Amino acid sequence: MNNMHHELRTLDMNLLLVFDAIYRHRRINMAAGELATSPSALSHALSRLRTTLNDELFIRQGSNMQPTARAHVIAPGLSAALNAMSESLRSANVFRPEKSTQTFRFAVTDYTAAVFLPALVTHLQQSAPGISVRTIYSTGHDSLEDLVTGKVDFAIGFQTPEMSHHSQLGVIEGFRDDYMVAVSSHHPRITEKLTLEQFLAEGHVVVNPWNEARGTIDQELEKLNIRRRTVVELPSLLSAPAIVANSELIATLPERAITTLFSSEALTYFAVPFSVSPYVLNVYFHHGRSVTPGHHWMREVINEVMNTLTHTKSSAAYVTSSR
């Protein structure tokens, strides 16, 4: 018993907050802003922590602070402990959403934000107007690390093996979404229908927010031993509608992406001319950080919103024989 918490006895607990903030933000000035202190004071605190733990913890690379191997080992457990301590110190055994001013952080792409957040925010404004939502753009599989380290509370994304099989992650199953093809209404060759031969003959706009080597559509085409010609690859959906509407290029995306962001008389939509599995949108969370009443409540809200979206049919009409 005399050795219990030995490592903590010589450590200023405030330095743990410094470590956590720098690890999440990777920048001294942003971490200082969160902790309401000056960058110089934060740098001094980091120096003390380095001495105490006998490790550099963070290596400066330009304006970023890159964690060392030891920092990566420390971070997940420390973040979970800080969250648990913070919750224990609150009088929050009962969560009152109508009075809460809590902020929930979501990792999103522009597509996942567009199809999910409007329904979520509408629900929150009616039941918990004091609650805030903060979004962080998800790139690659950073959202997995963001969940593990506590940078975000929830990650909205499509179903992947990494997310589905991670032992520490829970999932709220979302809706399924069929893929469709967007084409300019004035396309000179694609008019009444879209065949596989036409699909492969045209140039393609590919939206790839996670910078994958091959997305779902290209994986399905690989099974058929064929490839499409990518002319434009984008990290975001925002410019895709204008590119398709004003060119002969075509784009294959989940139906809700097109009906939400591509609503335009300048575009026509076709069914995908080959078999492709539906897009599945899920919400992921970390089991170790979802123990608070607030997080339990938000999970219930997300589940309710997803159920609503699942039963909300799209207003898009596929063109199969005539326009």
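Helix H2 packs against helix H4 through Leu15, Val18, Phe19 and Ile22 on one side and Leu42, Ala45, Leu46, Arg48 and Leu49 on the other, where contact means heavy atoms within 4.5 Å and helices are DSSP runs (H or I) of at least four residues, numbered from the N terminus. Sorted by type, the residues of this contact come out as eight nonpolar, no polar and one charged; Ala, Val, Leu, Ile, Met, Phe, Trp, Tyr, Cys and Pro count as nonpolar, Asp, Glu, Lys and Arg as charged, and the others, Gly among them, as polar. The model is predicted, with local features needing pLDDT of at least 70 and side-chain atom pairs pLDDT 80 or more, while totals for chains, interfaces and linings use all residues. Numbering starts from 1 along each chain as its sequence is written, and side-chain values use heavy atoms, leaving out hydrogens and water.

As for geometry, the axes of H2 (residues 14-25) and H4 (residues 39-53) come within 9 Å and cross at roughly 110°. Axes here are lines fitted to C-alpha atoms over the stretch in contact, with angles from 0 to 180 degrees between N-to-C directions. The two helices are therefore roughly perpendicular, a label covering 65 to 115 degrees.

Leucine 42, in H4, is buried, at 1% relative accessible area (buried means under 20%, with a 1.4 Å probe and protein chains only). Leaving out residues up to four places away in sequence, leucine 42 touches Val18, Ile22, Ile28, Ala31, Ala32, Leu35 and Thr37. From valine 18, leucine 42 is 24 residues away in sequence and 7.0 Å away in space, C-alpha to C-alpha.

Definitions and conventions: Parallel < 35°, antiparallel > 145°, perpendicular 65-115°, else oblique. Buried < 20%, exposed > 50% of the residue type's maximum accessible area, 1.4 Å probe, protein only.
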